[in-house]
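This note sets out, point by point, how the model is organised. Please read it beside the structure shown here.

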Amino acid sequence: MNTCVAETSPCILYMREALRLGRRGRFVTAPNPCVGAVLVRREQIVGRGWHTAYGKPHAEVEAIADARQHGVNLAECTLYVTLEPCNHHGKTPPCTEAILEAGIRRVVIGVRDPNPVAAGGLEFLQSHGVTVETGICAQECLDLISDFLVWQQQSRAVCLLKLASTLDGRIATRTGHSQWISSPPAREYVHRLRSQVQAIMIGGQTFRVDNPLLTCRLEGHDMCCQPFAVVVTSSLPPPSSACQLLNARPSQTIFLTPESIATGHAATQLRECGATVWGLPLAPGSVGGLDLRAALTLLRTELGCHHVLCEGGGSLGRSLLEQGMADELLLFLAPKVLGDANAAPVLSGRAPQHMDEALALRYTDIRPVGPDLLITCKPVLPGTAAAPATDLDNS
């Protein structure tokens, strides 16, 4: 039974340090989960590790190596790890064997491994005399592997929905002018995200108004390794237009459009100039909305995309949330007010009559980025309750 329940209890603090370490591996561990681990002796952390990249040693092995480097007697240590140690031979040997070989006699696990191939570490360790506890910071540990759960259970790309709005919830003036709502530090943050995802998605209105290039423009970034540009639209542009995507990077541009339009003349012309056009079915139960699950599945299966960053606009963002395809919402809230009811809202297209029809989210992080506030949310899953944000360090 889990007896560590107080928010300030040592076991909570140790697991949250493991969580902080595990977050360092996001994007680079794909398609493996993010995992962090710490070794504790006499109430002091003496070893730290995380899964640093796909194919590299796992968090437990890294923590053990770190402790050994400092001459620590591992038999005196407790291992805190965010995910059940693996119990199979993959690209690396089983972490359970490394734990036994190190002489560790107590292991505290955040959550069980949902992958049946790698699971069973808890029982294996217990059968060899190791004391095992589970359920410490369980929701936070589940959030750490939420990307992995999508890949395992849904075989689609993970979608990060990024929006920037004023304090009164507007993403552009009534004329469509939006540059710039967010600050330079916030925009730099987004470009770092662009450098880590495999595709950037926008809606047709954003495509037509902003005419974006959708590249990462960080200094030193390899311009040959740009994410795919994905446009969700029912109105395809002519290939002769002044579209930056078609002029600069047609082979990296993908248009997602209704199936009937994907077989038409405009789609053929776009394909001839090097762009990709995919037809999508309508979303189940929607009126005219495209099936965005099908879009994310195609991006995963056809192009190997693990993460897709959606940068709006409001209608596409709403559709992603409605269809349960926004796995994480990143909202940059700028300390500005337009005060115009006709300015473009951050999300649009719904007409609920009652508050219980609102789309439910839960805070997972709130932090300043320059003068702006970055609010991170995840969906409220069935059977779970919205929880307050934890001040997490993603460094």
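1. Basis of the note. This is a predicted model, in which local features need pLDDT of at least 70 and side-chain atom pairs count only at pLDDT 80 or more, while totals for chains, interfaces and linings use all residues. Residues are numbered from 1 along each chain as its sequence is written, and side-chain values use heavy atoms, with hydrogens and water left out.

2. Domains. The protein chain is divided into domain 1 (10-150) and domain 2 (155-379), with bounds that come from an automatic or database domain assignment. Their centres, taken over C-alpha atoms, are separated by 35 Å.

3. The interface. Nine residues of domain 1 are in contact with 16 residues of domain 2, contact meaning heavy atoms within 4.5 Å. About 980 Å² is buried between domain 1 and domain 2, and carbon and sulfur atoms give 56% of this area. Buried area is the accessible area (1.4 Å probe) that two parts lose on being put together, summed over both. Arg-26, Phe-27 and Val-150 supply 59% of the area that domain 1 buries against domain 2, more than any other three residues.

4. Salt bridges and helices at the interface. The rule finds two salt bridges across the interface of domain 1 and domain 2, each being a side-chain nitrogen of Lys or Arg within 4 Å of a carboxyl oxygen of Asp or Glu. Helix H5 (138-144) and H6 each supply at least two residues of the side of domain 1 that touches domain 2. H6 gives the most to that side, with three residues. Helices (H or I, at least four residues) and strands (E, at least two) are DSSP runs, numbered from the N terminus.

5. The five-stranded sheet. An open sheet of mixed pairing has the strand order S2-S1-S3-S4-S5; two strands pair if DSSP finds at least two bridges between them. S2 and strand S5 (131-134) each have a single partner strand, so one side of each is left without a neighbour in the sheet. The twist averages 20° from one strand to the next. Helix H1 (residues 10-22) packs on this sheet, touching S1, S2, S3 and S4, and its direction makes about 145° with that of S1. Axes are lines fitted to C-alpha atoms, for helices over the stretch in contact, and angles run from 0 to 180 degrees between N-to-C directions.

6. Pairs within that sheet. Strand S1 (residues 36-41) runs antiparallel to strand S2 (residues 44-50), joined by six bridges, and Val-38 stands opposite Arg-48 in S2. In their hairpin, which has two residues between the strands, Arg-42 takes a positive phi near 50°. Strand S3 (residues 78-83) pairs with strand S4 (residues 106-111) in the parallel sense over five bridges.

7. The nine-stranded sheet. Nine strands form an open sheet of mixed pairing, in the order S11-S10-S9-S8-S12-S6-S13-S16-S15. Strand S11 (276-280) and strand S15 (361-369) stand at the edges. Strand S6 (residues 158-165) and strand S13 (residues 328-333) run parallel and are joined by six bridges, with Leu-333 as the bridge partner of Ser-165.
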